[in-house]
Amino acid sequence: MKYFAKELEHLERWKGLRADLFRNEEPAIRLIGMTTPTPEIAELGVTTETLPAYTARQSHESEGTYEDDLKLNRKLISWEHLTCLEAAQFVYYVTGVSKSLAGQWTRHRIGIGWTFRSTRYVKASKNMFIYPALEYLDSEDAVLAALEVYQREHLHAMDVYEELKNMGVRNQELRRLMPVGWSTAAYVYVNARSLRHFFNLRLDKSAEWEIRRLAYLMFNDAMATAPTLFEDLLTEGA
Ligand SMILES: Cc1cc2nc3c(=O)[nH]c(=O)nc-3n(C[C@H](O)[C@H](O)[C@H](O)COP(=O)(O)OP(=O)(O)OC[C@H]3O[C@@H](n4cnc5c(N)ncnc54)[C@H](O)[C@@H]3O)c2cc1C
């Protein structure tokens with residue numbers, strides 16, 4: 001983790017205490033696809049990262065090298081000429097996030113979409129849980145005590161699940177009794193402009209911890225893929 005490492009480390013300070021809890025799952029992201037120029041355009045040196053600048057050259061009918069396009073990306077962002085950033089689309093596979101996070105994430109409406117694991121068609125009997133970070137508590141004993149309460153409730157949720165299942169109740173009703181800390185997984189389809197908006201709102205300290213943790217992971221991946229499209233969002237010291 002290169003960026004926001006200190007922030008992430010702070011959020012992860014009690015990760016070791018969660019490791020052996022009942023069905024604990026930690027978040028993970030994997031970039032599985034992104035827009036790439038067609039062979040004819042790639043031959044000109046255009047990449048996923050420079051596709052926004054390359055298409056923006058339409059406005060002045062200008063030409064430029066790969067390096068020029070990296071510079072132009074930065075200018076476009078500073079001018080807020082952001083539509084061309086929609087040229088680059090990313091597909092991530094995200095696991096180990098809660099239903100609570102999904103509720104917040106799906107409030108983002110523009111340039112982003114998801115396919116979540118269905119709780120109607122996939123049985124919950126092996127479902128995992130996302131335990132809270134509790135990074136603001138300083139006593140290990142206090143954290144352990146709180147995590148045990150979460151564990152107890154997760155065990156209870158699964159007991160209730162089995163009890164109702166044995167009564168013939170179907171998945172779509174069984175899911176109603178699951179806590180919002182229940183884990184889910186999704187493919188997310190998002191363009192660079194929308195991803196920047198997500199980062200703007202969710203890398204901020206005021207964002208809720210779990211979605212902020214996801215934003216840190218995605219930001220690091222996005223910076224490895226197309227730095228000129230995201231680097232201005234780095235805050236001082238991050
Ligand atoms: C720290 C934080 C706390 C929050 N707390 C709460 C809370 O307590 N309760 C709650 O309900 N939500 C809360 N939210 C969610 C927030 O209100 C937004 O719904 C969410 O962040 C998505 O942002 P967005 O609408 O800008 O994103 P998108 O839906 O992706 O929209 C992107 C942009 O497109 C434009 N846009 C989109 N739709 C329209 C439209 N219909 N009309 C005009 N312009 C549009 C806007 O410029 C918008 O910023 C919180 C968010 C944050 C970051």
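Reader: Which residues surround the ligand?

Author: The model is a predicted one, in which local features need pLDDT of at least 70, side-chain atom pairs count only at pLDDT 80 or more, and totals for chains, interfaces and linings use all residues. Residues are numbered from 1 along each chain as its sequence is written. A residue is near a molecule if its C-beta atom, placed from the backbone, lies within 6 Å of it. By that criterion the ligand is surrounded by Arg107, His108, Arg109, Ile110, His197, Leu201, Ser206 and Ala207.

Reader: How many nonpolar, polar and charged residues does the shell around the ligand have?

Author: Ala, Val, Leu, Ile, Met, Phe, Trp, Tyr, Cys and Pro count as nonpolar, Asp, Glu, Lys and Arg as charged, and the others, Gly among them, as polar. Sorted by class, the shell around the ligand has three nonpolar, three polar and two charged residues.

Reader: Which residues of helix α9 are buried?

Author: A residue is buried if 20 or more other C-beta atoms lie within 10 Å of its own, exposed if 12 or fewer, and partly exposed in between, with C-beta atoms placed from the backbone. Buried residues make up 26% of the 238 residues in the protein. The cover over those of α9 includes α4 (51-56), β2 (89-98), β3 (112-116), β4 (183-191) and α10 (209-225). Within α9 (residues 192-202), the buried residues are Ala192, Arg193, Ser194, Leu195, Arg196, Phe198 and Arg202.

Reader: At what angle do the axes of α9 and α10 cross, and how is that arrangement classed?

Author: Axes are lines fitted to C-alpha atoms, for helices over the stretch in contact, and angles run from 0 to 180 degrees between N-to-C directions. Here the axes come within 9 Å and cross at roughly 135°.

Reader: Which residues of α9 and α10 make the contact?

Author: Two residues are in contact if their C-beta atoms, placed from the backbone, lie within 7 Å. By class, this contact has seven nonpolar, no polar and two charged residues. From α9 come Leu195, Phe198, Phe199 and Arg202, and from α10 come Ile211, Arg212, Ala215, Phe219 and Ala222.

Reader: With which residues is His81 in contact, leaving aside its neighbours within four places in sequence?

Author: His81 lies in the loop between α5 (66-78) and β2. It counts as partly exposed because it has 14 C-beta neighbours inside 10 Å. Its contacts, with those sequence neighbours left aside, are Ala56 and Leu76.

Note on methods:
Helix = DSSP H or I, 4+ residues; strand = E, 2+ residues; numbered from the N terminus.
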